[in-house]
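Here are my notes on the model you sent. Please read them with the structure open.

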Amino acid sequence: MKNIMVFCSNPVNGGTAQIFVDVVRQLKIQLDDAKIIPCINRNNDVEIYDTIDDLKKIEVDSETTVLGKLNSAPVYIRIPRRFYRNIKYSKYKRLNIQEFCRFLVENKIDSVMIHNGGYIGDDLCNQLLIAAEKVRVKNRIMIFHNDLHKNFLRKSLCRGYDAMINRCATQTVTVSNFTRERILDSSYLNKDMKVIYNGISYKPAESIERKKAKLQYREDSFHVGMVGNFFDNKGQIHFLKSIKTVIDKSDKTIQAFIIGNIYDKEYYERCIKFIDENDLQDTVKICQGILNAKEYYELFDVTIVPSLYDESFGLISAESMRGGTPVVAYACGGIPEVVRNGVDGFIVPIGDVKGMSNAILKLIDDAELCFQMGEDAIKHFNESFKLEIMGKEYAELLQDG
């Protein structure tokens, strides 16, 4: 029997954590002749990880756990501070690699599958990969869920990291062709990178009535929603601006929802200020503390995805399509690979609030178009983004290795 370790240390209850959980569950179904060992780092308190059966917490510590969060600062402060933290953390890094080696040998691991939040990646994910190569684990798969484009200088600074990936990983994977091309174009990685689209899980935990009560849902309205924690890259301000334009131009009653938690307080306060200044208090409802946001798309008539950057795949778009809700999104990252413009919804240029507003108005004014796009979205989802499709591709990757 093969022993397969699947690891994630992402500290945010978001897309990477959810995909890790779903991959673990799928591998347990698809590879019934293997032992799947899901692992995270100790002191990781992301709630969704605790839903995994037989989860193991390895005695390793991230840099953030040891030294605290690294806040933004001018470059002349950031560089020496980073140098100091590297020196401080080096002792823990050695101990972490030793612990990973011990765990791999003790559990006779044949394959490691590492869900890395993004290139250049999480420190613990990188340390596990180094340990797996050190003890000669046969299959060493590094999955990059995201990437930021790097200029020549940053690319050069990452040369050592790329050399480590080339040496230690037997296979690299990412979640969209957009992310694959961006990583390979701005790195020294010399391995081909496989693309496996994220699959979407769905298991309702609440009744429709309960969800409507949380949203203070009004049946006589056209419902426009977005899901995303409050960061500037998620584009809540753009969502609010488009809603303001739609209200000004449409005679229909509009109800708008933002489902997301506050991670950037200053940005959140900007959003509240815009709502207050434009008298949107009766139109826009902000909902926090909802962990099962993917259940709520079925209550929307259209889902808005105004992401400005750092959108490797388009998980929110795919989740919306599963429920038959068309999407209006900025052409950000991998989203155009998920949403077919004019079929499953509309794709508009990044930052084009007017284009986003016009697309929403089209769907408000044409109920038949809105319905047909929802039907096409379901069909596209079933052909490309079902959980079982993703699980099969990851299982095949392990079987071929």
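**Notes on charges, cysteines and one loop**

1. Glu368 sits in helix α14 (residues 367-384). Helices are DSSP runs of H or I with at least four residues, strands are runs of E with at least two, and both are numbered from the N terminus. This is a predicted model: local features need pLDDT of at least 70, side-chain atom pairs count only at pLDDT 80 or more, and totals for chains, interfaces and linings use all residues. Residues are numbered from 1 along each chain as its sequence is written, and side-chain values use heavy atoms, with hydrogens and water left out.

2. Glu368 is exposed, at 65% relative accessibility. Here buried means under 20% relative accessible area, exposed over 50%, and partly exposed in between (1.4 Å probe, protein chains only). Glu368 belongs to a surface patch of negative charge with Asp251, Asp365 and Asp366. Such a patch takes residues with over 30% relative accessible area and no salt bridge, and joins like charges within 9 Å. Asp and Glu count as negative. The charge is placed at CG of Asp or CD of Glu.

3. The structure holds 15 salt bridges. The criterion is a side-chain nitrogen of Lys or Arg within 4 Å of a carboxyl oxygen of Asp or Glu. Glu63 pairs with Arg85, with the closest N and O atoms 3.0 Å apart. This pair links distant parts of the chain: Glu63 is in helix α2 (residues 63-67) and Arg85 in helix α3 (residues 75-106), 22 residues apart. Glu63 is buried at 10%. Arg85 is buried at 7%.

4. Glu219 forms a salt bridge with Lys212, the closest N and O atoms being 2.7 Å apart. Glu219 is exposed at 56%, whereas Lys212 is partly exposed at 22%. Elsewhere, salt bridges with shared partners join Arg42, Glu59 and Asp61 into one network.

5. Cys125 is buried, at 1% relative accessibility. Cys332 is in no disulfide either; its nearest cysteine sulfur, that of Cys271, is 17 Å away. Cys332 is buried too, at 2%.

6. Thr170 lies in the loop between α6 (159-168) and β6 (171-174). Thr170 is partly exposed, with a relative accessible area of 38%. Thr170 and Ile141 are 29 residues apart in sequence, and their C-alpha atoms are 6.1 Å apart in space.

Conventions. Patches are made of residues with over 30% relative accessible area and no salt bridge: like charges are joined within 9 Å, nonpolar side chains (Val, Leu, Ile, Met, Phe, Trp, Tyr) within 5 Å. Accessible areas come from the Shrake-Rupley method with a 1.4 Å probe; for residues, only the protein chains shown count as cover. A disulfide is a pair of cysteine sulfur atoms within 2.5 Å.
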